[in-house]
Amino acid sequence: MTTTVLDPVAHAAAVAETQCIPATCRIGLLGLGNVGAAFARHTRESASHLGARGFLPIVATALVRSTARPRPAASFVTAVTSDVEAFFAEPVDVVVEALGGVEPAYRFVRRALDRGIPVVTANKSLIAAHGEELVQLARRRATALRFEASCIAGVPFLGQFERRPLAARATGVTAILNGTSNSILTAMTSGATFAAALADAQRLGFAEPDPTMDVSGADAAEKLAILVRLFGRLLLDPAAVPLDSLARVDPEDIAIAGAFDGAIRPIAHASWHGRAVHAFAGPAFVGGTHPLARVSDVTNGIVIAAPAPICLTGPGAGPDVTADTLLDDVAELVAERRVRTPPPEPSQPAASVTRPHTAWLLRVNAGAGTREADVADLLGSYGIWSTRMTRRDGRIYVLTCAASYGRAQSACDALQSATGAAVAAFPAVGAGGEDAAC
């Protein structure tokens with residue numbers, strides 16, 4: 001009979017390998033609104049799954065404006081306080097910011113980073129306004145700032161490109177960055193008016209009671225600024241991005257876009273050469289062969305103009321999607337046990353921001369006496385050539401080749417003066433005429 005004597009050290013190691021002792025991560029949560037509450041709940045519900053991977057997140061403290069207000073999500077948090085000093089006195093491993101807006105989020109995030117505490121945020125307004133400053137502060141303090149959920153939250157791609165400089169070489173981005181706007185335009189394909197589609201989006205919870213940021217294009221402009229900093233290493237002021245409101249679109253425009261083998265989509269576009277940026281955000285005609293033409297409802301998408309063009313699509317927002325991405329950012333910080341610092345070279349301010357040369361979809365509210373040939377001739381006198389034209393219900397629609405915004409606007413003003421007809425111009429991407437300048 002043979003007796004095997006186990007080496008006690010080897011035995012202990014073998015036992016340890018079969019047991020996963022997760023590392024506890026104490027989280028300080030700024031805000032318990034929709035996103036903050038979803039994050040607290042997901043943290044609790046995901047504990048067993050994450051624990052099996054060696055990571056046990058606990059929301060140790062949450063800072064709110066008032067503790068008097070009932071908060072169901074408070075049951076997922078160890079302590080809830082409205083005292084800023086008490087919040088920062090708690091020993092935490094990571095701060096998750098879910099307040100939204102620039103202030104007081106900026107002040108709190110800066111304070112955490114200055115103390116060497118890594119921060120995870122989904123706050124597009126904060127990152128668009130102060131992202132460069134905050135990532136440089138994180139670098140100096142040897143900590144990390146993660147903001148994966150700030151732009152197309154359901155498609156985590158910002159970090160991938162941030163740490164892959166060759167893959168991130170790009171000359172522009174064209175994207176659908178606002179799910180609310182996309183859902184409204186999708187609803188209008190069935191004939192709903194803008195007002196009716198917006199009201200339905202609010203009823204379903206896609207749009208805020210005050211939808212200004214969404215329908216004006218301002219929300220998309222903030223996200224566009226984040227993308228320009230990442231891919232172009234340029235600081236773009238969101239307020240400098242030319243905006244067009246969704247309210248200018250009506251169901252007939254949507255129908256004509258379909259007849260022209262395309263769609264109207266809420267597009268945010270930026271391209272750059274040196275420090276000159278060409279950008280816009282608002283409704284645009286998208287040719288049927290362009291990847292974004294098929295992105296509908298609340299789905300977001302981005303096409304990155306790189307040596308090998310890349311298209312990514314997925315859910316853009318919502319408390320649950322955002323909370324999952326925030327939690328993934330926290331898990332990644334813990335798993336890496338190191339910080340990911342930004343590139344050593346700082347981003348440069350954009351020297352200029354102007355609308356790009358694009359093709360155009362023109363809507364001319366023409367009377368019966370205005371002929372298509374007259375419209376084409378007048379546009380041609382400004383060097384703008386028509387590629388498609390149709391008349392429907394007292395309107396003439398024209399799809400043109402590429403021209404500068406200034407030339408297109410001058411032609412539209414002349415057309416309106418000559419015919420008395422109101423003219424609207426929508427940028428066109430993927431229409432087949434962008435590369436053929438007028």
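**The largest cavity and its surroundings**

Analyst: The largest cavity has a volume of about 70 Å³. Of the 14 residues lining this cavity, S181, G217, A220, P266 and G282 are the closest to its centre. Here a cavity is a set of points, on a 1 Å grid over the protein atoms alone, where a 1.4 Å probe fits but cannot get out; a pocket is an open set with protein on both sides within 12 Å along at least five of seven lines, and lining residues have an atom within 4 Å of a point. Grid points are joined across faces, edges and corners, and a volume is the space filled by probe spheres set on the points. With a threshold of 30 Å³ or more, the count is 2 cavities.

Bear in mind that this is a predicted model: local features need pLDDT of at least 70, and side-chain atom pairs count only at pLDDT 80 or more, while totals for chains, interfaces and linings use all residues. Residues are numbered from 1 along each chain as its sequence is written, and side-chain values use heavy atoms, with hydrogens and water left out.

Helices (H or I, at least four residues) and strands (E, at least two) are DSSP runs, numbered from the N terminus.

Now for N182, which lies in helix α8. N182 is buried, with a relative accessible area of 0%; buried means under 20%, exposed over 50% and partly exposed in between, using a 1.4 Å probe and protein chains only. Leaving out residues up to four places away in sequence, N182 touches I176, R265, P266, V295, S296, D297 and T299, where contact means heavy atoms within 4.5 Å. P266 also belongs to the group closest to the centre of the largest cavity. The C-alpha atoms of N182 and V298 are separated by 5.8 Å, though the two residues are 116 apart along the chain.

Helix α8 (179-188) also turns up in the largest pocket, where it supplies at least two lining residues, as do α10 and α11. That pocket holds about 1,200 Å³ of space. Its lining has 41 residues, with V35, K124, E208, A317 and G318 nearest the centre. They divide into 16 nonpolar, 17 polar and 8 charged.

Helix α11 (residues 218-232) leads on to the largest nonpolar core. That core has 55 residues, and L145 and F231 have the most contacts inside it; α11 gives the most to it, with 9 residues. A nonpolar core is a set of buried Ala, Val, Leu, Ile, Met, Phe, Trp, Tyr and Cys residues joined through side-chain atoms within 4.5 Å. Stepping back, buried residues make up 51% of the 438 residues in the protein.

Note on methods. Nonpolar A, V, L, I, M, F, W, Y, C, P; charged D, E, K, R; others polar.
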